[in-house]
Amino acid sequence: VLVEPYGCAMHAVDRADLKHTDVLVVSGLGAIGLAMVSIAKKYMPKMIIGLDVRKNRMEKALEFGADYVFSPAECDVVAEIKKLTNDYGCDKYIEASGHPSSAVQGLEAIRNLGTYVQFGIYADVIPFDLNIVGDTKEINVLGSHLSPYCFGAVIEGMLDGSIKTDGIVTHTFKLKDWEKAFETAEKDPTAIKVAIVP
């Protein structure tokens, strides 16, 4: 239930190539975004900022190692990131929400020569200003998909407790109740990871 998504999270964090001096933003704090926060904490970056619109996920991100959390529905998150970085911007931005506005937000929040990692999946083609990527900021743009070579490390981290998983599975259902499980995953604001137990 968790090894595979956590492997995906680890691969995205690996792609970001975190340094100890980096300010990392993880946008989207679902099960995989929260895993990214916990895994990123192991790299000991300067700061981790989580972005989401759901309070329970923001609270879980703080528990998992985020230094700050902000909701795009409640504040100008780019302005908050700039305040925390002396108007410099974040060094690394991982887009894990799958919401088009998060991609635009990432280009605004990231510093010159920063790194943007695209993990979230979009239903449609979205506008992405390549002028910002090239001419304006010279940003490194990387994609992240699946979890190559990460399972062993994820399992070890789960077993020794250095990768946090508590509270990620918020709901479990029997296989016969699969429709209710899907409905809960889609509509229940408290849901993070919904599991079906065969």
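**Close-up views of a predicted model**

**View 1. The salt bridge between Asp-22 and Lys-92.** Asp-22 and Lys-92 are joined by a salt bridge whose closest N and O atoms are 2.7 Å apart, a salt bridge being a side-chain nitrogen of Lys or Arg within 4 Å of a carboxyl oxygen of Asp or Glu. Because Asp-22 belongs to the loop between helix 1 (3-16) and strand 1 while Lys-92 belongs to strand 4, the pair ties together parts that are 70 residues apart in sequence; helices (H or I, at least four residues) and strands (E, at least two) are DSSP runs, numbered from the N terminus. The structure is a predicted model, in which local features need pLDDT of at least 70 and side-chain atom pairs count only at pLDDT 80 or more, whereas totals for chains, interfaces and linings use all residues. Residues are numbered from 1 along each chain as its sequence is written, and side-chain values use heavy atoms, with hydrogens and water left out. Asp-22 counts as buried because its relative accessibility is 4%, and Lys-92 is buried with a relative accessible area of 6%; buried means under 20% relative accessible area, exposed over 50%, and partly exposed in between (1.4 Å probe, protein chains only). Lys-92 also has a bridge partner in strand 5, namely Thr-115.

View 2. An open sheet is formed by 6 strands in the order 3-2-1-4-5-6, with parallel pairing; two strands pair if DSSP finds at least two bridges between them. Strand 3 (68-70) and strand 6 (140-143) stand at the edges with a single partner strand each, so one side of each is left without a neighbour in the sheet. From one strand to the next, the twist averages 20°, where axes are lines fitted to C-alpha atoms, for helices over the stretch in contact, and angles run from 0 to 180 degrees between N-to-C directions. Strand 4 and strand 5 run parallel and are joined by 5 bridges, and Cys-90 has Ile-110 of strand 5 as its bridge partner. Strand 5 is mostly covered, since 7 of its 9 residues are buried.

**View 3. Helix 5 packed on the sheet.** Helix 5 packs on the sheet and touches strand 1, strand 2, strand 4 and strand 5, its direction making about 150° with that of strand 5; contact means heavy atoms within 4.5 Å. Within helix 5 (residues 100-109), the buried residues are Ser-102, Ala-103, Gln-105, Gly-106, Leu-107 and Ala-109. The cover over these buried residues includes strand 1 (23-27), strand 2 (47-51), helix 4 (77-84), strand 4 (90-95), strand 5 (110-118) and helix 6 (130-136).

**View 4. The salt bridge between Asp-67 and Lys-41.** The side chains of Asp-67 and Lys-41 meet in a salt bridge, with an N to O distance of 4.0 Å. The pair links distant parts of the chain, as Asp-67 is in the loop between helix 3 (55-64) and strand 3 and Lys-41 is in helix 2, 26 residues apart. Asp-67 is partly exposed, with a relative accessible area of 35%, and Lys-41 is likewise partly exposed, with 37%.

**View 5. Asp-52 in the loop between strand 2 and helix 3.** The loop between strand 2 and helix 3 holds Asp-52, which counts as buried because its relative accessibility is 10%. The C-alpha atoms of Asp-52 and Ser-27 are separated by 6.5 Å, although the two residues are 25 residues apart along the chain. With neighbours within four places in sequence left aside, Asp-52 is in contact with Gly-28, Leu-29, Gly-30, Arg-57, Met-58, Phe-70, Ser-71 and Pro-72.

**View 6. Asp-166 in the loop between helix 7 and strand 7.** Asp-166 is found in the loop between helix 7 (151-160) and strand 7, and Asp-166 counts as exposed because its relative accessibility is 57%. Asp-166 and Phe-64 are 102 residues apart in sequence, and their C-alpha atoms are 9.1 Å apart in space. Leaving aside neighbours within four places in sequence, Asp-166 is in contact with Lys-60, Glu-63 and Phe-64.
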